2 protein chains.
Amino acid sequence: MRQRTIRDRLLSLLVEYQPKFVSGEEISRQLGCSRAAIWKHMEELRQQGYEIEARPRNGYRLMYRPDRVAPEEINLHLQSNKLGQDIRYKEEVISTQQHAHQWAREGAPEGALFVAEQQTEGKGRLGRPWHSPPRTGIWMSLILRPPIPLTEASHLTILASLGIKQGIERVTGLPIQIKWPNDLMINGKKICGILTELRGEQDRIHYVIFGIGVNVNTPVEKFPEELRSIATSLAIEAGQTFHRATLIAAILEELEKVYEQYLASGFGKIKKQWEDESQIKGKQVIARTFQGTIQGIAEGLNSQGALILQTDRGWVPVLTADISLK
Amino acid sequence: MRQRTIRDRLLSLLVEYQPKFVSGEEISRQLGCSRAAIWKHMEELRQQGYEIEARPRNGYRLMYRPDRVAPEEINLHLQSNKLGQDIRYKEEVISTQQHAHQWAREGAPEGALFVAEQQTEGKGRLGRPWHSPPRTGIWMSLILRPPIPLTEASHLTILASLGIKQGIERVTGLPIQIKWPNDLMINGKKICGILTELRGEQDRIHYVIFGIGVNVNTPVEKFPEELRSIATSLAIEAGQTFHRATLIAAILEELEKVYEQYLASGFGKIKKQWEDESQIKGKQVIARTFQGTIQGIAEGLNSQGALILQTDRGWVPVLTADISLK
């Protein structure tokens, strides 16, 4: 487990006492540092948008906690072994994937997470743009180092979609559909996209980076006109907003469970679970691939993670495509 | 085709006239630049180890041409459309792969080549060290951008081994064996290793880098003791040294042919050609994989580039392994 900083622990203490006051003496005792040091960290929190009331005799009280996805916020909620134990955070980036790739090259540990409040040029599959307005969604990149050969890379998007689905459902209670290969939907509209990028050689993957974008609190009017019929947010669907850091923690925890299961017992169980949860089996599907359009009935996944379609010409494995239900 | 520099063209002219003199006037006319400029480039060549005799009435004559793998030397021999049309060159690097990865990220064009006289920490498959002493071998990294999905990445090592084999055979006349998946051998000893690294997402490969190491003029005594029974060089096997830049040009040309055929008509023909040339079909093979050892008779490649072994328990596709003949 990563060492919590003093600021992490200060915030944690304020949240724990909220809406009550906690005395400067108590903070000083629990954090093992001087009143002057506490005052300095308190000022830093205020600069980040936290409103903290200070009363000479009562101490400190947290009045307002901004919806930030900074490490100290995620850490307040996160119970994981590896995923998210090392977090880098920025207000605004071109794309979190770009930063994560660099970090991975420089030796980021398994589970390292890069997260930002805003992406100016977020990307989805095939370089397609991903709309990432400030402070309304989760825009993050997670680095893993699975000890698997390149040919099993397709497993990774499958297990990520399963873990992220379970994390979002745990917090929101909304029913999430998995759209193969890399999207999560509510009522047929996209709320999450996963971009799986990797570097490796034939025998092993050096690192994989999951780019994860979730539309959390985006109001309808913040979606560009052309996206409104195909994309939605958790807030629109639930009629309430969600605390993004809590959601990130849940996603990391659930994803870690699925990932650990995969490492321990292979793809078999993940595949079965995915097939159950995706409810795609037996459905008429149209798959648009680079080579053309394939129609058929979905039979499930094969051992490589390809979608098997039963077509007029027999079973066809589809490794990647844009799919739609007929 | 890349624009030749003045120095490229000057060297080309000197080589063309060798062992005769070419007048300063003629050079000036053909290169379209002043006598003073020519003198400057002549000095640069001398600093690189070229010996150029200058006689007031006869002009210039190339007396000695060092065995370098610099772009101007490769360009003297290279007839290709893309491969090697953009070359970066250094005397000594940690590893050419490292430089090529950076160049690829910065947008290197398809066919870009990074080549060095020496690697201090050259690497093979799985991070194994690759012995790369100065000026005795070919240590280079070739960047391609094939428009194929990640799942077809195994094709790339197959086509590279085929093209490189043909390039080396064309220049040396030596019979080269392909050892699946990524080595070339003479009389059972390694003369070339290929490291295929890539970056991509499910749907597409962003770039692939072939790290290519060829033991060209390495004398026996330059091989570390422990390598002498398993590695050899073209010079040891042929009893003569070879001009490395000529060899590089031939490798690039033959690799380009195979690659263009692959892009135009797919893996089918490459697979057939590889099976014919590798002569592995019908041989008893022991394959050491991460999961254990598999014994069987080689049946050839499947459509994904895996080696198919006929075992006691039926056909088994082997995606990567260290193999040896029984």
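This is a predicted model: local features need pLDDT of at least 70, side-chain atom pairs count only at pLDDT 80 or more; totals for chains, interfaces and linings use all residues.
Just after H5(B), the backbone of B:Gly107 adopts a positive phi of about 105°.

The contact draws 21 residues from chain A and 21 residues from chain B. On the side of chain A that touches chain B, the elements giving two or more residues are helix H6 (154-172) and strand E8 (189-201) of chain A. E8(A) gives the most to this side, with seven residues. By class, the side of chain A that touches chain B holds eight nonpolar, seven polar and six charged residues.

Strand pairing crosses between the chains. E8(A) and E8(B) pair in the antiparallel sense, over five bridges. Within E8(B), B:Gly200 stands opposite A:Leu198.

The two chains were then compared by superposition. Chain A is superposed on chain B by a rotation of 180° with 0.0 Å of shift along its axis, at an RMSD of 0.0 Å. The two copies are thus related as by a two-fold rotation axis. The same surface serves both copies, as 100% of the contact residues of chain A recur in chain B. Of the residues of chain A, A:Arg199 comes closest to the rotation axis. The C-alpha of A:Arg199 lies at 2.2 Å from this axis.

A further strand pair was examined in chain B. Strand E1 of chain B covers residues 51-55. Of the five residues of E1(B), the number buried is zero, so this strand lies largely in the open. E1(B) is joined by five bridges to strand E2 (residues 59-64) of chain B, and the two run antiparallel. B:Ala54 stands opposite B:Tyr60 in E2(B). E1(B) and E2(B) form a hairpin, with three residues between the strands.

Note on methods: Residues are numbered from 1 along each chain as its sequence is written. Chains are lettered from A and ligands numbered from 1 in the order in which they are written. Helices (H or I, at least four residues) and strands (E, at least two) are DSSP runs, numbered from the N terminus. Two residues are in contact if their C-beta atoms, placed from the backbone, lie within 7 Å. Ala, Val, Leu, Ile, Met, Phe, Trp, Tyr, Cys and Pro count as nonpolar, Asp, Glu, Lys and Arg as charged, and the others, Gly among them, as polar. Two strands pair if DSSP finds at least two bridges between them. A residue is buried if 20 or more other C-beta atoms lie within 10 Å of its own, exposed if 12 or fewer, and partly exposed in between; C-beta atoms are placed from the backbone. Copies are superposed by least squares on the C-alpha atoms of residues with pLDDT of at least 70 in both.
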